[in-house]
Amino acid sequence: ASIAITFIKTSSFIIPLWIFAFIILETASSRLSCDILPFLKLAKTLKQLNYEYVLKLHSKKSPQRDDGKDWADKMISDLVSSNELHTQIIATIQRKGTAIIGSTGNYVPLTTYYNDNQPKVHWLLIKIFGRKDADYINKHNNQYGFYAGTMFWVNLGAISEVLNLKL
């Protein structure tokens, strides 16, 4: 096992790959450059080093949330609380088609932030899946969701299309 730590300058549902694209596209805020983008750069490097699975964790220290520590503690507990859970997660993430596993309590409807992010999400979906699938997802966005808090297990092989984008 390895640990990678990144620093930023600042003052169990199984979901399909495209939902990971939505998580990336919190670009309506500056969080892309503070959280997701550094992770994607690290994930690309880890994939090149033949890592298959990564657990993305981070502090939830934020001026927008007073309960960040409690929220982070709950998510971490949901993702790494026991050896038995770890074994179940690894067995699940190895299944074909599994890209991300996150905390059930943090899986929220895509419609939560979709209106603000729709143009960017649609652009990214077109780049990954083509216009037909992107248009379908856009039209049926109420059928999908994402993991709030951006802490999750990820299968690097399942997100290759995202890692290969020039973001």
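## Model and conventions

This is a predicted model, in which local features need pLDDT of at least 70, side-chain atom pairs count only at pLDDT 80 or more, and totals for chains, interfaces and linings use all residues. Residues are numbered from 1 along each chain as its sequence is written, and side-chain values use heavy atoms, with hydrogens and water left out.

## Confidence

pLDDT is the predictor's confidence in each residue, on a scale from 0 to 100. The protein chain has a mean pLDDT of 75. A value of 70 or more is reached by 75% of its residues. Residues 1-33 have pLDDT below 50. Beyond near neighbours in sequence, that stretch still has 88 contacts in the model. A contact means heavy atoms within 4.5 Å. Where pLDDT is low, predicted coordinates should not be read in detail.

## Overall fold

The protein chain has 7 helices and 6 strands. Both are DSSP runs, numbered from the N terminus: helices are H or I with at least four residues, strands are E with at least two. From the N terminus, the order is β-α-α-β-α-α-β-β-α-α-β-β-α.

The chain has 167 residues, and 41% of them count as buried. Buried means under 20% relative accessible area, exposed means over 50%, and partly exposed lies in between (1.4 Å probe, protein chains only). The accessible surface comes to about 9900 Å². Carbon and sulfur atoms account for 52% of that surface. Areas come from the Shrake-Rupley method with a 1.4 Å probe; for residues, only the protein chains shown count as cover.

## The loop between α2 and β2

Two residues of this loop are described here. N50 lies between α2 and β2. It is not a glycine, yet N50 has a positive phi of about 75°. N50 counts as exposed, because its relative accessibility is 67%.

E52 sits in the loop between α2 (31-48) and β2 (53-56). Its relative accessible area is 49%, so E52 is partly exposed. Leaving aside neighbours within four places in sequence, E52 contacts V154, N155, L156 and G157.

## V154 in strand β6

V154 belongs to strand β6 (residues 152-155). V154 counts as buried because its relative accessibility is 0%. Beyond four places in sequence, V154 contacts F39, E52, Y53, V54, I93, A99, I100 and I159. V154 and I90 are 64 residues apart in sequence, and their C-alpha atoms are 10.0 Å apart.
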